[in-house]
Amino acid sequence: MTRLAGKTAIITGAASGFGEGMAKRFAEEGANVVVADLNLKGAQKVAAAIGAKAIAVHADVTRKDEVESMVQAAADQFGRIDIMVNNAGFTYRNGSMLDVDESTFDLITGVNMKSIYYAALAVVPIMEAQGGGTIITTASTAGLRPRPGLTWYNASKGWAISATKSMAIELAPKKIRVNCLCPVAGETPMLGLFMGEDTPEKRAQFKATVPLGRLSTPLDVANAALWLASDEAEFITGVALEVDGGRCI
């Protein structure tokens, strides 16, 4: 259980859902983990469950100064940053694209898109000075196979996938790998928004569209992220890895 021994990972949106799963799984494999979230109490709870190898940091990823402070806290505490996971995400309730107000649209672009830019500005110089690193973004199957009802969210995830591939090419000479995950909807606090409502009927309807017959779990996504972050994936960059039970086929 030492695939990430000696490495330090920052994970945004780590107080719950996929981010919490990644934080705990990375720590199991030896990583120091910065549990970053807008919900500081939730982040502190996750960090406490992990123990001495984790710290909790308040971070609004839509603000450049808070992203910079998050990265500085990681460097101050652990001395290096090997893995940056852009996991924080935001969506709205499934419905007409015309009903999404401008403030919601701005929040979607801020959390799902601009945060990736801010994180790159902060961590790439550090990773380059160290001789390399890896950046992982939680995108979505919505960016690969968009469906009606979440148009602006889908577009933000398509942007994240394109940014991943472009960053991978540009940062390859610096030995920085860049990949993203494309999970199908899963057992997270945002599930009800994705489906419009969280009812047994809605769940059954959605599961019927997944060939393997279930939703994703935080552990599914954490295990995929763990592999991308590990040295086992040292020749993998620019990949949008589908964690979707066959949904995108």
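What volume does the second largest pocket have? In this predicted model, the answer comes out at about 180 Å³. Its lining is made up of Lys-7, Asp-82, Ile-83, Gly-132, Gly-133, Thr-134, Arg-177, Ala-229, Ser-230, Asp-231 and Glu-234. Sorted by class, that lining holds 5 charged, 4 polar and 2 nonpolar residues.

Then there is the largest pocket, with about 1100 Å³ of space. A set of 49 residues lines this pocket, and Thr-91, Tyr-153, Thr-188, Met-190 and Phe-194 sit nearest its centre. Several elements each give two or more residues to the lining of the largest pocket: strand E2 (32-37) along with helices H1 (17-28), H4 (102-130), H5 (151-171), H6 (191-195) and H7 (200-207). By class, this lining counts 24 nonpolar residues, 18 polar ones and 7 charged ones.

On to the aromatic rings. Searching the whole structure turns up 3 aromatic pairs. One of them joins Phe-105 and Trp-152 edge-to-face, at 5.7 Å centre to centre and with 85° between the planes. Since Phe-105 belongs to helix H4 and Trp-152 to helix H5, this pair ties together parts that lie 47 residues apart in sequence. Phe-105 counts as partly exposed, at 33% relative accessibility, and Trp-152 is partly exposed too, at 29%.

Another pair brings together Tyr-117 and Tyr-118: their ring centres are 5.6 Å apart and their planes stand at 40°, so the pair is tilted. Tyr-117 is partly exposed at 45% relative accessibility, whereas Tyr-118 has a relative accessible area of 11%, so this residue is buried.

Terms used: Residues numbered from 1 in each chain as written. Predicted model: local features only at pLDDT ≥ 70, side-chain atom pairs only at ≥ 80, totals over all residues. Heavy atoms only, no water. 1 Å grid on protein atoms, 1.4 Å probe; cavity = no way out; pocket = protein on both sides within 12 Å on 5 of 7 lines; lining within 4 Å. Points joined across faces, edges and corners; volume = space filled by probe spheres on them. Helix = DSSP H or I, 4+ residues; strand = E, 2+ residues; numbered from the N terminus. Nonpolar A, V, L, I, M, F, W, Y, C, P; charged D, E, K, R; others polar. Phe/Tyr/Trp six-rings, centres within 6.5 Å; stacked < 30°, edge-to-face > 60°. Buried < 20%, exposed > 50% of the residue type's maximum accessible area, 1.4 Å probe, protein only.
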